[in-house]
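Reader: Please show me the protein, and then let me ask about it piece by piece.

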Amino acid sequence: MPTALHMLTAGLADVAAPLSLDELDRSGFLGPLFESFGCPAGAQPRAFSAGQGVGCSHDGEWDVLELAAGNETLFLCGDATSSLDVARILTDRGALPKWGMVLVLSQSAGRGQLRRPWVSPRGNVYAALRLPADPPFTADYAALSVGCMLAEGFRTLGIPVQLKWPNDILLDDCKVGGILLEERAGIIIAGIGINCTFAPPVAQLRDGWAVRAASLLEKGYDLTPLALFASLVKNGRFWYLNEIRRAGHGAFPSCAERHLAWMGRGIVVHGGDVDDKPGRIAGLSPEGGLRVRFPDGERVILSGSIVPGS
């Protein structure tokens with residue numbers, strides 16, 4: 001399905017800086033950006049964009065430059081506080097529909113698990129995706145559902161990522177991405193971060209309870225943020241519509257298990273219902289909890305962190 005690209009040329013309130021085609025070009029987005037959406041190689045924006053130069057004003061605060069038409073919506077922003085902040089404002093103003101996407105160049109106030117600050121320099125994916133208010137995105141395993149959707153998208157690109165329950169994306173046991181959900185008034189937005197070219201050093205991760213971070217580039221995958229994110233959402237949504245929505249959301253746990261990291265391996269559970277207790281991953285419960293076999297029997301873990309054990 002084609003995607004409508006919109007660039008916020010005047011910024012957005014106090015959360016996103018203005019963005020221009022020149023800045024996109026300097027950021028390395030421009031060529032791959034247009035080519036990834038089916039535009040001829042080397043084509044200039046004016047050659048194919050019916051909306052070129054036509055700004056759409058909303059409350060006098062922001063302008064939109066349409067780069068290409070389509071059925072899906074993706075907003076491109078400059079440096080921002082966070083992609084979630086931008087998505088929330090656009091949603092409140094009726095501009096971001098279900099499955100609408102936001103991609104920002106960098107974040108000054110990105111947030112990770114438990115609201116921890118997240119280092120967000122240019123070159124990575126810092127995105128937000130408005131989810132439909134339908135299962136499995138409305139269930140307790142909503143973050144895992146987004147992770148599974150992205151993992152299916154990665155699979156189409158030949159990148160064998162796995163999901164570290166409940167919301168991390170791993171490659172070769174290294175964290176290359178993460179997911180954070182925010183819900184307000186029944187509207188669910190997923191914040192998505194993927195390390196394309198940069199990964200935070202170990203010193204900035206949680207001592208003892210975080211796997212090493214890595215970038216896709218150091219793993220041999222040279223991908224630009226826009227082309228990668230748009231592909232992941234497109235292919236992941238195709239999987240959702242054809243495997244989950246068609247079969248019923250009860251099919252989700254078995255579909256997700258094929259992407260689950262450390263199946264059958266020893267782990268240690270930290271926090272949540274069980275603290276610092278070794279066990280082995282057995283799979284997912286129908287509610288999306290993690291089934292773990294402990295020496296004294298199997299339990300379903302609904303919260304906490306896991307790391308590889310013996």
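What follows is a set of questions and answers on the structure shown.

Author: This is a predicted model, in which local features need pLDDT of at least 70 and side-chain atom pairs count only at pLDDT 80 or more, while totals for chains, interfaces and linings use all residues. Residues are numbered from 1 along each chain as its sequence is written, and side-chain values use heavy atoms, with hydrogens and water left out.

Reader: How many helices and strands does the protein have?

Author: Helices (H or I, at least four residues) and strands (E, at least two) are DSSP runs, numbered from the N terminus. By that rule, the secondary structure comes to 7 helices and 16 strands.

Reader: What percentage of the residues in the protein is buried?

Author: Buried means under 20% relative accessible area, exposed means over 50%, and partly exposed lies in between (1.4 Å probe, protein chains only). The protein has 310 residues, and the buried share of them is 52%.

Reader: Which strand pairs with strand 4 in the antiparallel sense?

Author: Two strands pair if DSSP finds at least two bridges between them. Strand 3 (residues 72-77) pairs with strand 4 over 4 bridges, but in the parallel sense, and Phe75 stands opposite Val102 there. On strand 7, Ala128 is the residue opposite Val102. The antiparallel partner, also joined by 4 bridges, is strand 7 (residues 125-131).

Reader: Which residues of strand 4 are buried?

Author: Strand 4 spans residues 101-104, and both of its faces are covered.

Reader: Why is helix 4 described as largely enclosed by the rest of the structure?

Author: Helix 4 covers residues 83-92. Its buried residues include Ser83, Leu84, Val86 and Ala87. Helix 4 is called largely enclosed because the buried count among its 10 residues is 8.

Reader: Which residues touch the most other members of the largest nonpolar core?

Author: A nonpolar core is a set of buried Ala, Val, Leu, Ile, Met, Phe, Trp, Tyr and Cys residues joined through side-chain atoms within 4.5 Å. The largest one has 68 residues. A second, separate core of 22 residues includes Trp62, Phe75, Ala87 and Ile189. In the largest core, the residues touching the most other members are Phe154 and Leu290.

Reader: Is Ser145 buried or exposed?

Author: Ser145 lies in helix 5 (residues 142-156). Contact means heavy atoms within 4.5 Å, and, not counting residues up to four places away in sequence, Ser145 touches Pro136, Phe137, Trp239 and Phe252. Its relative accessible area is 1%, so Ser145 is buried.

Reader: How far apart in space are Ser27 and Gly123, C-alpha to C-alpha?

Author: Ser27 sits in the loop between helix 1 (21-26) and helix 2 (30-36), and it is partly exposed at 27% relative accessibility. Leaving aside neighbours within four places in sequence, Ser27 is in contact with Leu105 and Arg122. Ser27 and Gly123 are 96 residues apart in sequence, while their distance in space is 7.8 Å.

Reader: How many disulfides does a search of the whole structure find?

Author: A disulfide is a pair of cysteine sulfur atoms within 2.5 Å. For Cys148, the nearest cysteine sulfur is that of Cys255, 6.6 Å away, and Cys148 is in no disulfide. Cys148 is also buried, at 0% relative accessibility. Over the whole structure, the number of disulfides found is 0.

How values were computed:
Right-handed = clockwise from strand over helix to strand, strands pointing away.
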